[in-house]
Amino acid sequence: MTPDDLAYLKLICLRPRMFYASARSFADVVAFISGVQCSPGGPPGGPHGGRFGTFPEFVVRQLNAPHDVPWTSSLIDAFSDIDMFDACEQLHQMLMEWGDTLRDSTP
């Protein structure tokens, strides 16, 4: 994932309805984000990662989720009991933390 991709995903999390007006649930937003990360020139950003880089593994570690469950399902399950906007804020925070780990590991 490029820094621009990461910035775009964080912006989507902050303003989900600005990018996907018909979003009614966190699952809708996660599906939209997965689609945004698909491109004709690269692998799909589906349930097992694709262009998300190491973010799926980060999610699994952060949520203590099983490794045999798609990371998107783990995200949805973890935040299904809270408001869509609060869940998006949690995802934004995870993206920020993951971005920090990438910067920390870059020589």
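Beyond its neighbours within four places in sequence, Ser74 makes contact with Leu63, Ala65 and Val69 (contact: heavy atoms within 4.5 Å). Ser74 sits in helix α5 and is buried, at 8% relative accessible area. Buried means under 20%, exposed over 50%, and partly exposed in between, with a 1.4 Å probe and protein chains only.

Do keep in mind that this is a predicted model, where local features need pLDDT of at least 70, side-chain atom pairs count only at pLDDT 80 or more, and totals for chains, interfaces and linings use all residues. Residues are numbered from 1 along each chain as its sequence is written, and side-chain values use heavy atoms, with hydrogens and water left out.

**The overall fold**

The protein chain contains 6 helices and 0 strands, so read from the N terminus its elements go α-α-α-α-α-α, since helices (H or I, at least four residues) and strands (E, at least two) are DSSP runs numbered from that end. Of the 107 residues in the protein chain, 36% are buried. If you look at contacts between residues at least 6 apart in sequence, 54% of them link residues at least 24 apart. The protein chain has an accessible surface of about 6,100 Å², and carbon and sulfur atoms account for 55% of this surface; the areas come from the Shrake-Rupley method with a 1.4 Å probe, and for residues only the protein chains shown count as cover.

**The core and Phe79**

The largest nonpolar core holds 25 residues, and Phe26, Ile33, Phe55, Leu75 and Leu91 have the most contacts inside it. Such a core is a set of buried Ala, Val, Leu, Ile, Met, Phe, Trp, Tyr and Cys residues joined through side-chain atoms within 4.5 Å. Two or more residues of this core come from each of α1, α3 (26-36), α4 (55-63), α5 (71-79) and α6 (84-105), with α6 giving the most, at 7 residues.

Leaving out residues within four places in sequence, Phe26 is in contact with Leu75, Ile76, Phe79, Met84, Ala87, Cys88 and Leu91. Phe79, in helix α5, touches Phe26, Leu63, Ala87, Gln90 and Met94 when residues up to four places away in sequence are not counted. The C-alpha atoms of Phe79 and Ala27 are 9.2 Å apart, although 52 residues separate the two along the chain.

**Out at the surface**

Asn64 lies in the loop between α4 and α5, and its phi is positive, about 50 degrees, although Asn64 is not a glycine.

| Residue | Relative accessible area | Class |
|---|---|---|
| Ser74 | 8% | buried |
| Phe79 | 11% | buried |
| Leu11 | 39% | partly exposed |
| Asn64 | 71% | exposed |

**How confident is the predictor?**

The chain averages a pLDDT of 83, and 81% of the residues score at least 70; pLDDT is the predictor's confidence in each residue, from 0 to 100. Among the elements, α5 has the highest mean pLDDT (93) and α1 the lowest (86). Residues 40-49 have a pLDDT below 50, and this stretch has 21 contacts in the model beyond near neighbours in sequence. Where pLDDT is low, the predicted coordinates should not be read in detail.
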